[in-house]
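Q: Please take a close look at the surroundings of the ligands in this model. Which residues and elements make up the shells around them?

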Amino acid sequence: MARYTKVKGMQIAEELYHFLEREALPGSEVSSEDFWQGVSSLIQDLTPRNRELLEKRDHIQQQLDDWHKQHDWKNNQEAYHDYLKEIGYWEPEGEPFTISTANADDEITVQAGPQLVVPVNNARYAINAANARWGSLYDALYGTDAISEEDGAERTAAYNPIRGQKVVDFGRSFLDEIAPLAAGSHADATKYAVEDDRLIVYQDEEKTSLQDQNAFIGFQGEKELPSAILLKHHGLHVEIQIDHEHPIGKTDAAGVKDLLIESALTTIMDCEDSVTAVDAEDKVLVYRNWLGLMNGSLSATFKKGDKVLERKLNGDRTYNANTGEEISLRGRSLLLVRNVGHLMTSNMVLDHDGQEVPEGMLDTVITGLLAKHELLGRSGLRNSEKGSVYIVKPKMHGSEEVAFANELFNRVEDILGLQRSTLKIGVMDEERRTSLNLANCIREVKERIVFINTGFLDRTGDEIHTSIEAGAVIRKDEMKASVWLQAYEKSNVDTGLKSGLPGRAQIGKGMWAMPDRMKDMLEQKVNHLKAGGNTAWVPSPTAATLHAIHYHQENVTEIQEQLRSSIQDRKQEILTLPLAEGRWSEQEIQQELDNNAQGILGYVVRWVEHGIGCSKVPDIHNVGLMEDRATLRISSQHLANWLHHGICTEEQVLSTMKRMAKVVDEQNAGDPNYHPMASDYESSIAFQAACELVFEGRKQPNGYTEPILHRRRQEFKEKALVEKR
Ligand SMILES: CC(=O)SCCNC(=O)CCNC(=O)[C@H](O)C(C)(C)COP(=O)(O)OP(=O)(O)OC[C@H]1O[C@@H](n2cnc3c(N)ncnc32)[C@H](O)[C@@H]1OP(=O)(O)O
Ligand SMILES: O=CC(=O)O
Ligand SMILES: [Mg+2]
């Protein structure tokens, strides 16, 4: 049991209290007295509304369940639409407007590029993510399947020069695309030099230059023998790194050892779906890392191979501009922080009645407080040049909930002594009621919004749960091509364009959830730009570097301009339920069950027993998938839906879970801290949690997985504590 300190009628878990008193409040220019008084009033004033909003979610779900039990959706679509309006699910759209967000950084307003997401409680990964503003193109190509292993180009333990040459060839043709030469190709370059403030490229005795000298921004080293050449294309920088002594550089006629490319322009430090944080101990780790990012002190020491490494935040990068003066470019991603949504409460603070308080409120006031260290310039490594704090708010349903977030942000600004709209908001469009009413949602935060993003994974989970009584849904892999999803993606962009986001805020696209499939990502993720996204999520720094290539291939500003002419109302399509038409063979059904069960178990066992909130879990085709709480929501709701509609039986699902538990146990056999689920299904908390998520899935609020995961993780932690004693 947590120990608490009494403050202003509340009880604060001691770990949290000490962290705030000793590390967070000093240097924040917020007194302890004002802070606790502010938090106390905030909780007293806003908790009732938070509860009401959650009750409304449940009530609406009940109404939808009842309607579907009484109507066949396919033959009553007009009545369905009327009903959605009648119960306030489908809101009347207000007057047109444009957002007026001020003081957002260029990474949000001007540049287009990848957005990385990382669990903030993992310092090693979080620092890596912050530093992923710049990534090695050669490493990203060499180390992944982006370059084929055909013709002797395998990824071998020792350096493979055949593969290396393919990487260099790719790099040179990339340079030809982004900075073409007046004559010939970068592939023939034998020397790069700066002469009369121009970039000169030698091809043996011949000299040439760039077709557009404006692409040349600066250099490092001597003009005659530069160590780096800085280019700019579509607002993104690329550095040609030259070192004739380097193992790669010395094999290159021009001494090029790498292309360092601007990659993750922005990074979301995640406190939500990629994180396991169920009590004060966990939350303090989350908050302490965010503080370390905000005051620049975060470091991580870890063993890699036989080396002990220390990782810190990178500094900015400086160059001699071709005009003579020095220029400095940001060395780190612009950091955003994703708070949790409105659903969960946390036992790290108990209110005046001894009740757990809404975790999302605590996240906003605490992550905001920690960001003040950055706003006050406590770090030599600035995050926002414009003095903004970027908070991503997930899982909101409809415009009332967004208005509530706005009120929360106002109140937190007042507690922290921040000017109105310093706290910016990124609105995840990942619940059906938000997609349907997106314009109204944006209007509620029109002075502080910095992004909308199609979180299609949560959105798919919500799609399944919302209409769980309507019928059996299509297979999981078919969802991406379904009518509602395509319309939702388009409608999000349309609404963003109509609401004046371009130039002021991002229109973001969702996660690439196959971290090892980089060739496929290179081929497919350019479609996010073609659809109008000026950013899109990637799971790793390597993916950020490769996805950055797409922003050189396409000009998103032009695409968005063109898309304005095809803006349409797509609400009817959004409301097209993904119900299955035919029936599947026994084999297809079993395959679907196996796949879902394997993903659920592989993820849940690490969540509940190891405290890991985001994992790479192989699917039944052995493709490693990024699994987080949103993908778990899909898989568990999918099984719950099929069970409910008799596509499979409980016995079948249970025996599938047991069989797949053995597969997952085998996959984890190399981990000495892993307890096999199959050795005792009854006493395995992870196995029981996975089953509960499926068998009780229909009853979970909006199909969310948090309540069960949190309870089961707490149970596991308590058990581990007792066993330790
Ligand atoms: C629906 C949603 O909400 S999506 C948003 C939530 N999802 C995320 O945040 C995804 C974040 N990504 C991850 O957590 C990881 O990439 C995973 C779990 C998918 C895969 O992790 P692993 O199996 O450890 O990856 P892998 O072994 O290939 O790579 C590890 C290396 O990549 C780095 N890395 C991987 N992902 C990230 C990341 N997101 N940010 C920074 N570094 C990362 C690690 O630091 C490590 O490098 P290091 O040894 O130099 O420290
Ligand atoms: O948060 C992202 C999602 O897809 O869900
Ligand atoms: Mg989500």
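A: What follows describes the two ligand shells and then turns to the annotated and assigned parts of the chain. The model is a predicted one, and the description should be read with that in mind.

Around ligand 2 stand Asp273, Pro394, Met428, Glu430, Gly455, Phe456, Leu457 and Asp458, together with Gly510, Met511 and Ala630. Helix α13, which spans residues 456-466, contributes the largest share of this shell, namely 3 residues. By residue class, the shell around ligand 2 consists of 6 nonpolar, 2 polar and 3 charged residues.

Ligand 1 is surrounded by 25 residues, of which Val117, Asn128, Ala129, Ser274 and Ala630 are the closest; Ala630 is also named in the surroundings of ligand 2. At least two residues of the shell around ligand 1 come from each of the elements β3 (115-119), α5 (123-130) and β25 (615-618). Sorted by class, the shell around ligand 1 holds 14 nonpolar, 5 polar and 6 charged residues.

As for the chain itself, an unreviewed UniProt entry annotates residues 159-233 as "domain: Malate synthase G alpha-beta insertion". In the model, the span 159-233 is 24% helix and 39% strand, and its end C-alpha atoms are 31 Å apart. The domain assignment, for its part, lists domain 1 as residues 134-262 and domain 2 as residues 586-724, and the centres of domain 1 and domain 2, taken over C-alpha atoms, are separated by 46 Å.

Technical notes. Residues numbered from 1 in each chain as written. Chains lettered and ligands numbered in written order. Predicted model: local features only at pLDDT ≥ 70, side-chain atom pairs only at ≥ 80, totals over all residues. Near = placed C-beta within 6 Å. Helix = DSSP H or I, 4+ residues; strand = E, 2+ residues; numbered from the N terminus. Nonpolar A, V, L, I, M, F, W, Y, C, P; charged D, E, K, R; others polar. UniProt positions renumbered as here; feature names shortened; annotations may be inferred. Domains from an automatic or database assignment.
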